[in-house]
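Hi everyone, thanks for making time today.

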Amino acid sequence: MKNNRLTLAARPGAYIDPSNFKLESVEIPSLKEGEFLIKVLFLSVAPVMKFYMLDGAGIENPMQIGDVMRGRGVGEVVQSKHPNYKVGDIVQGKCGWQEYVVCDGSPYYMMYKIEQRGLSYSTALGVLGMTGFTSYFGLYTVGGLKEGDRVLVSAAAGGVGSNVGHLAKIKGASAVGIASTDEKCKMLVDKLGYTAAINYSKENISDALDHYFPDGIDVYFDNVGGEMLDIALTKLRRYARVVCCGRISQYTHVDSSEYALKNWFKIGKTRSRMEGFFIYDFEEEFPKAEREMAQWISDGSLTYQEDILDGLENMPIALNRLFQKKNVGKQLVRISD
């Protein structure tokens with residue numbers, strides 16, 4: 001049986017190009033004792049993947065040319081010689097960009113069995129997976145959300161941001177989202193729990209923030225960094241919390257230049273807190289977050305948005321969509337039915 005996979009062929013420039021990858025077809029080895037074979041159903045796409053491709057990116061170990069591209073996936077166990085995994089189990093973990101993966105259940109793979117909740121298995125990579133957990137712990141734990149807080153979210157129509165509007169609303173807070181198109185802004189308000197949305201490609205962000213936050217921002221959930229973060233820092237309310245989740249505005253730089261914050265001193269002036277986090281620091285609490293968010297989906301308090309392409313060969317296109325601001329919600333690729 002053959003396994004199709006995408007390996008790293010060249011380091012990327014500002015954007016991802018299909019030539020950065022090589023499509024290979026290799027034999028699937030026979031299983032050894034303690035191993036099991038996963039047929040990949042969905043693969044996740046996230047901006048951090050570009051850093052995996054860079055030489056010395058400083059996130060985990062840099063990939064080498066010829067390595068299978070890294071990424072999380074959800075799949076079905078189709079063969080097993082492992083006592084804890086049986087044929088038919090649905091799991092999610094580090095699958096890589098391939099149609100099949102042989103796993104030994106070691107901590108490297110971070111494989112979790114998925115509880116069937118009547119939802120698409122894709123949700124295990126989105127709202128009920130690391131993306132959703134990032135929204136949950138970023139807002140509630142790092143952001144210290146309180147009832148009545150006024151929340152600003154950048155890249156609000158992305159995978160993480162698309163969950164934050166409802167998560168704020170559930171706890172008695174309100175959120176305003178920033179997005180790149182009128183279509184995305186409408187979706188934020190009509191479907192994803194935001195009270196208002198700002199189209200940064202058309203509107204003056206500073207003026208819009210003065211309008212929606214006349215008394216200042218309590219929580220800024222930042223997925224963008226750069227100039228947008230700098231502007232938000234000037235609008236903080238006293239004792240505000242800035243959640244440093246992502247900085248996609250900087251991800252297309254091909255040199256070492258980074259945007260230098262001008263308004264960092266506003267943190268001290270407003271007695272605010274700006275904090276980053278690593279989602280796996282909350283791993284022991286993932287089951288609690290998954291149960292709560294699944295219940296909120298069930299009772300209609302939380303809705304989610306997925307953007308799904310089909311086919312392993314479209315993984316590079318899907319990854320590029322994040323940097324081209326084309327994705328609407330969590331970007332995924334369906335590998336197999």
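Let me start on the inside: there is one cavity of 30 Å³ or more in this structure. By cavity I mean a set of points, on a 1 Å grid over the protein atoms alone, where a 1.4 Å probe fits but cannot get out. Before going further, please note that this is a predicted model, where local features need pLDDT of at least 70 and side-chain atom pairs count only at pLDDT 80 or more, while totals for chains, interfaces and linings use all residues. Residues are numbered from 1 along each chain as its sequence is written, and side-chain values use heavy atoms, leaving out hydrogens and water.

How big is the largest cavity in volume? About 50 Å³, where a volume is the space filled by probe spheres set on the grid points, joined across faces, edges and corners. Its lining, meaning residues with an atom within 4 Å of a point, includes Gly126, Thr131, Asn163, Tyr304 and Lys330. By class, that lining has two nonpolar, six polar and two charged residues. Here Ala, Val, Leu, Ile, Met, Phe, Trp, Tyr, Cys and Pro count as nonpolar, Asp, Glu, Lys and Arg as charged, and the others, Gly among them, as polar.

Helices are DSSP runs of H or I with at least four residues, strands are E runs of at least two, and both are numbered from the N terminus. H2 and H3 (residues 161–170) pack at about 45° with their axes 10 Å apart. Axes are lines fitted to C-alpha atoms, for helices over the stretch in contact, and angles run from 0 to 180 degrees between N-to-C directions. That makes H2 oblique to H3; under 35 degrees counts as roughly parallel, over 145 as roughly antiparallel, 65 to 115 as roughly perpendicular, and the rest as oblique. By class, this contact has seven nonpolar, four polar and no charged residues.

H2 (residues 130–142) also packs against H8 (residues 286–298), at about 100° and with the axes 10 Å apart. These two helices are therefore roughly perpendicular. The contact has nine nonpolar, one polar and three charged residues.

Now, which helix gives the most to the lining of the second largest pocket? That is H8, with four residues. A pocket is an open set with protein on both sides within 12 Å along at least five of seven lines. This one has a volume of about 380 Å³, and Glu290 is one of the lining residues closest to its centre, along with Lys113, Ile114, Glu115 and Leu128. Strand E7 (112–113), H2 and H8 each supply at least two lining residues. The lining divides into 10 nonpolar, four polar and six charged.

Last stop: the axes of H5 (residues 205–212) and H6 (residues 226–233) come within 10 Å and cross at roughly 40°. That makes H5 oblique to H6. Happy to take questions!
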